[in-house]
Amino acid sequence: MDWLDVLIIVAVAVGAFALWLVGTALLIWGERRVVAKMQSRVGPNRLGPAGLMQTLADGAKLFFKEDIAPANADRWVYLAAPMVSAVVALVTFAVIPYGGTFTIGDRQISLQVWDPDVGLLWVLAMGSIGVYGIVLAGWSSGSKYPLLGGVRSSAQMISYELAMGLAVAAVFIYTGSLRASDIVANQAGTLFGPIPAWHVIPMAPAFVLFFISAVAETQRPPFDLPEAEGELVGGFNTEYSGAKFAMIFLAEFMNVITMSAVLVTMFLGGPNGPLFGPDIVRAVLPTIYFVVKVGIFLFVFIWLRATLPRLRYDRLMDLGWKVMLPFALLWVMATGFSVVLRETTERATVIRAAAIGAAVAAVLFFLAPLFSRRASEPGGGGGDGGARPLDDPRPGGEALPERAGDRPSTDRPTEEVGV
Amino acid sequence: MVALATAVGAVLAQTPVADPAGAAASTGAAEFWVFWILAPLSLAAAVSMVVLRNPVHAALMLVVNFFTIAMFYAVLEAQFLAAVQIIVYAGAIMVLFLFVLMLLGVDRELPTRVAQIRGQQPAALLLGALLFAALAVGVAGPFLGADSACNAPPDAVAAAGADAQPCVGLAAANEEGNVRGVARLLFTDYVWPFEVTSVLLVIAAIGAMVLGRRTERPEDLVDGRGVRKEPLRARAARPTGSTALDREAAE
Amino acid sequence: MLAEYLPVAVLFVIAFLFVALSLLVSSKLGPSRPNPVKNAAYESGIIPDPETAVGGSRFPVRFYLVAMLFIIFDVEAVFLYPWATVLRDLSWYGLAVMGVFVALLFESYYYVLRKGGLEWD
Amino acid sequence: MTLLAQIPPLQIPDIAWSAISPELVLFGVGILALLLDTAGPQRLQASFLVFGFAAAGAGYIALSTEQSVLPGLVGLAALGQFALTAIWRDRPRLLSALLAALGFAGAIGVTTWQWGAYSGRLVGADAATFVGTDSLLGGMVAVDGVALFTRVTVCLAGLVTVPLSFAYAEERRIHRGEYYPLLLFAATGMTLLASSADFIMVFIAIEVLSLSLYILAGFAKRDLNSQEAALKYFLLGAFSSALLLYGIALVYGVTGSTNIAEAGRAFSSLDAPQGMAVAAMALLIVGFGFKTAIVPFHMWTPDVYQGAPTPITGFMAAATKAAAFAAFLRVFVGAFAPLQWSWTPVLWVLAALTMLAGAILAVVQNDVKRMLGYSAVAHAGYVLIGFVAVNRAGVSGVLVYLLIYTFMSLGSFGVLALLERRNHKAMAIDDLRGLGRRDPVPAGMLALFLLSLAGIPGTAGFVAKFAVFRAGIEAGHAALVVIAVVSSVIAAFFYIRVIVAMFMEDVPEGVAAEAPLAPSTGMSAGIAFSAAVMVAFGTVLPFLLVDLADQAATFVS
């Protein structure tokens, strides 16, 4: 390894950083423009062509703002939280291949900062560190609403991290490797006819699971409960201002880009696409494909925000725990099953097995009542703690302090104390 | 810039890229420096976790400590373990810790409690020192003498004959990638412990539910008999002491 | 061997410098005119009471339950990743091994679900 | 990448089903009980689902391997559970309890079959006398005499605990559906521990059993004592597990293997000074010492035994000790015997301390349950005598002692549970005054168990003590045996104090006449069974038991 190698590494890293910083600025602008269009407004249009400079102006404004910290904030943690958020959001990008491989002289340069053996586990690891940014921001502000928002959002994030981890596992199983480069390589070529062998087709359920989790992880609408203005003011970042707020804001949008990039890598073939033309074009095309694919996802993220109303908190948790988790678990095993089946069995046998599988599924369907919401002995239930009727008037999800008196009075035969 | 890059390249160049014999790789300069940066950091985090008064700060120090440990794993080429360390310890377990600390409201500084048993502190210090000594002996052992039965170089294994304890070595263990190396062991030799781990997880879930659940329905606490006789709502409406269960207990 | 971590270290340094410098520069650029009211915690206009602001109230146990259940299922997911890399070699045996594991996990999930551990009311 | 060719292809291991069959039975029944409890009103469907899958699996095995015995048994078991569920679908706890009892019985049956299969395995002079050994599943599972014997001990303890628990838990309103599954899981952990041939298995098994017992100890969660028990047990247990894990890590560092037998071989080939080995062993002793409640690692014992639900206390005292001692034996007496010079003196001192401290501290207790807790500590000390003997007689003595102690402990705690059930409070010695007049049968039973615990000749306790004392003297630890006798005399004092209170003293003035004891069927059965075993081993059959234990004194190597 000589200095040229080191320089290449630095260059690739700087490239990723630049791509992603420019992308964030564009995303913020794009979000405002697109949402405005969808709501029949104009959106920012003063600064630069089509208001393109608006983000820069906002950023500059935040930098010159006074940095206010609440009196009973925890100084160091208050400072560290936005830093953790922003750094983690950037470093996650390391394992994403954002372009193809090309040769300059005798050196192969691959536009991917880092391709470790643990591959996309890096994304999950950084995702779990990212929780700290939010929960610490909430706690260190020394104020009620941020604390509530922080805890809420971290509970939301860990809930959806499960489904996300399992969806990722399904792709790993399908690929047989954790490396981002292997996953991309596995999506080269075509499935049948002109249809590319992108994972989004065979792994469609995993794609859906991952996409929903990604929206929830980035706390975008309709899962933006941590910032539910009506309930929690501004969520965990209520007390932040100035550059610290800018960092949190940046990290949120960075995460959107990173998640889109992960989605593209795992399900849409990453920088894969038809290559043609002279060498220089061939070197640039993958990056263009990558950027375009990410752009499509960014648009979908924005579209969701303009279209969907916010979920209630209990519905949100229900979706994560009661729908996505079991479904993801089943899908992981189904993927494993199909992979092994393809490796070992001939087609005719597979069809026969599928028939048996269908029969089993039918049996399971009839046993579906087993999975009704909560166990209740005949005649005994119906009282406290049972499934809530759908028209229950109580507001959902607000984390009110639980008092002793909240317990249902029907709780008669309790444990005997003091034997 | 170029000078810096050259320096970095020079340091890294001392690291042997791959040992053709497949034996244990010698440590390079980079490892040396990384260790001497990480180790004090790790220790400092551990010590401040004990010393800091604010429980949340202490917990954060523990997170830092976990992170440095993950980096140690990474330096030791155990990438999967490093990722798991971050995902499970830093990402899951410490979040639970923080929830409990923040939400129970124990995050204010507490006055130091005076030890209730006389001589407890000196005794604790003494025993702690003893434990430290035992562990230090354990850690220092390989540097003090022939304290490992692991005959790493192939010729040593051959010399030891029947008593040989061949150790695989890092290069061979990570031959086909770290994750696959872990998987190979986990699902062949260690498949039974792996399955038993699922038992552990089932029990953990039960524990979380049994001990963590606040409200319980009456019929959860006794056998079905006696509770089924009349609906709960009706019984609750009556004055206490007239439920079927109470009658039964009185008999 | 450490060379393989160089790229991510470089990216980390870039990210850290970017964030740290931004914060540093902005703290020099911005005005600083604190006063007690400005520095008080925001509570929608209600005068904040520092005693009850943080830590004075207790939160429902369900947050802990979620965190605990998360640990359990997270550990399970962690076992799936190495399995993914060797499944093709292990074939049916591998599927059976993980099938038992996941079935047990599913049983504990079912248990938690039916005992009301996932209710948010 | 030329080395890639040298990587052997993934070897799919043989699963030695027979080696792990008792654990599979216990755990399978535990999961089934949990499932049926969880399914609630739909438990019949759930049971049918289980039956369907099991029958399909059994059919597949029968067709593909042309065996009929194993699939037949599986099918029968599946049918049996469905029948039981159908009959008692409105009595969930009764169903659970029945399943648990059948599970324990089944595990005993499977172990007996293993015993039969392995008794002819050894060649040469040992063939007729000893149980054969084997290390299976990649060296994870040991099948040897100690493992088989301890499995039976643990399962017998479970079998007695189930009926003792039923009425007690019902009465205290702690009869959650998780009770019996947790009991079965705890037993699974114990049998795993007893049969683990690898340190990894030792650790995981300890975690399985501890985790279950932490929950069971805190099962009466509205009772502060129970909460305290669970918390103390958990904190100290986690701490000791960590120390054990340190020890395991050091062993691995020295020997390059986590397999117990291999580590032992590597230890013996080490050069001096072996500092790391000694450090490792010190940490292992701490870890095991905690689980077996040896002084000075016994601090948790009285509090936990007092706070836990009484039948669980009996089970903990008996079965945990048996399982932990089995692993302790396999590691030290079996594998690390070459390093005897380093650990025998330590355990000698610990044994002496344990016996004396346990007995002396028990004397000053007023709460009967707490007193029995301290007496459990003292009994761990007696077991250690057989341990430090480091010979076959010693191992056999340990096994005998633990089996007999199981019934003494469960019996006495069972009677206590019965009394608590009536009085709705913890029993102090004063509360027992005059019990012999009013309720002669339970009082007599308690007296029998206490006399046996004291080791009076003619009782099973005497047989047990005799076995370990003999081994101690044979190995030249006469001084230790003298200490043990002194400790026994001290212990006899407080056992007999209870008996005196029951039979020689009157009901204290001013205490209202209590309702007569109405033992439930289960409790009577459990206590009577324990008493019968006591009497049988004490008078008629001691040699049968000692003989079996002698055969069982084998380890994998």
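**Conventions.** In this predicted model I used local features at pLDDT of at least 70 and side-chain atom pairs at pLDDT 80 or more, while totals for chains, interfaces and linings use all residues. Residues are numbered from 1 along each chain as its sequence is written, and chains are lettered from A, ligands numbered from 1, in the order in which they are written.

**Helix H17 of chain D.** I looked up residues 440-454 of chain D, which form H17; helices are DSSP runs of H or I with at least four residues, numbered from the N terminus. H17(D) has 15 residues and spans 20 Å between its first and last C-alpha, close to the expected 21 Å; the expected span is 1.5 Å times one less than the number of residues. I then checked burial, where a residue is buried if 20 or more other C-beta atoms, placed from the backbone, lie within 10 Å of its own, exposed at 12 or fewer, and partly exposed in between. Of the 15 residues of H17(D), 12 are buried, including Pro442(D), Met445(D) and Phe449(D). The cover over these buried residues includes H14, H15, H16, H18, H19 and H20 of chain D. Just after H17(D), Gly455(D) has a positive phi of about 85°.

**Ala443(D).** I picked this residue from H17 of chain D. Ala443(D) counts as buried because it has 23 C-beta neighbours inside 10 Å. Beyond its neighbours within four places in sequence, Ala443(D) is in contact (C-beta atoms, placed from the backbone, within 7 Å) with Leu435(D), Gly436(D), Met502(D) and Phe503(D). I also noted a C-alpha separation of 9.8 Å between Ala443(D) and Leu419(D), which are 24 residues apart along the chain.

Most residues other than glycine have a negative phi, and most peptide bonds are trans. I found phi near 60° at Arg173(D), in the loop between H5 and H6 of chain D. Arg173(D) counts as buried because it has 22 C-beta neighbours inside 10 Å. Val390(D) has phi near 50° and sits in the loop between H14 and H15 of chain D. With 21 C-beta neighbours inside 10 Å, Val390(D) counts as buried. The bond from Val295(D) to Pro296(D) is cis, with omega near 5°. Pro221(A) and Pro222(A) are also joined by a cis peptide bond, with omega about 5°.

Note on methods:
Helices (H or I, at least four residues) and strands (E, at least two) are DSSP runs, numbered from the N terminus. Two residues are in contact if their C-beta atoms, placed from the backbone, lie within 7 Å.
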